Amino acid sequence: MIYFLDTADVKAIARCVDLYPVAGVTTNPSLIARENRPLGDILKDIRDTIGPDKMIHAQVLSPDADIMVDEAQRLRDRVGEGFHVKVPVTAQGMKAISKISSLGIPVTATAIVTAEQALMAAVAGASYTAPYVNRLDNICGDGIRVVSEIAHLFKTHQLDALLLTASFKNVQQIHDVAMAGAHSATLPPDLLELLIVHPLTDSGVSGFVSDWEGVYGKGATILDLI
Ligand code: E4P
């Protein structure tokens, strides 16, 4: 599983990149707008925070394919290496995916809620496809099933596109997409942190420390004693 952070909050990105195996950052227009400052500044801050080697997936906004292509090129020029442009799977988006990928800019097809949307985006040239799990679950859809179907279709049709699963509200959804064969997931920072939380782990670690300190004294470390 490859983890991405789904946020434009630079402080949260800095904390998570320091602690966890994060491959990159994904944003969308809503996440950018939440920061309420210039897009170029946000992208620069994200790049400075995550370093030159991690990916940044940033999304186009226009409903028109030709303008999406221009937006993709402008975003690529701003972000540099490791840039992927997110394009929604509308009709104009499909046209833009073909054009942008033929220019050598990797595309992440986004706002996917059906397996057929993902299949067509992959055929059009998308390198990642982003199905929205929680948004489907919220309306009695089955986000995990859509992810499984996409994984099955890509395998059956021997497509190289990868699954960048998105839109999560709980750890169970992330576990389920991993079990369904998803290659990657983009998560809000608080959910990424929650993935490894368990009270038995916390009590286990506390027990090690109290057993140790009971014998060697409070604050004694391995480095003091070896
Ligand atoms: C992914 O492409 C989207 O940015 C995101 O995951 C959507 O998540 P939400 O449903 O929590 O807004």
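A polar contact is taken here as a pair of N or O atoms within 3.5 Å; within protein, one must be able to donate a hydrogen and the other to accept it, and residues adjacent in sequence count only if both atoms are side-chain atoms. The model is predicted, with local features needing pLDDT of at least 70 and side-chain atom pairs pLDDT 80 or more, while totals for chains, interfaces and linings use all residues. Residues are numbered from 1 along each chain as its sequence is written, and side-chain values use heavy atoms, leaving out hydrogens and water.

The protein chain divides into domain 1 (2-195) and domain 2 (198-226), with bounds from an automatic or database domain assignment. Their centres, taken over C-alpha atoms, are 41 Å apart.

Around the ligand stand Asp 6, Asn 28, Lys 86, Thr 110, Tyr 132, Arg 135, Ala 166, Ser 167 and Lys 169, each having a heavy atom within 4 Å of the ligand.

For Ser 167, the distance from a side-chain N or O atom to a ligand oxygen is 2.7 Å, and for Lys 169 it is 2.8 Å. The protein buries 85% of the 340 Å² that the ligand exposes when taken alone, by the Shrake-Rupley method with a 1.4 Å probe.
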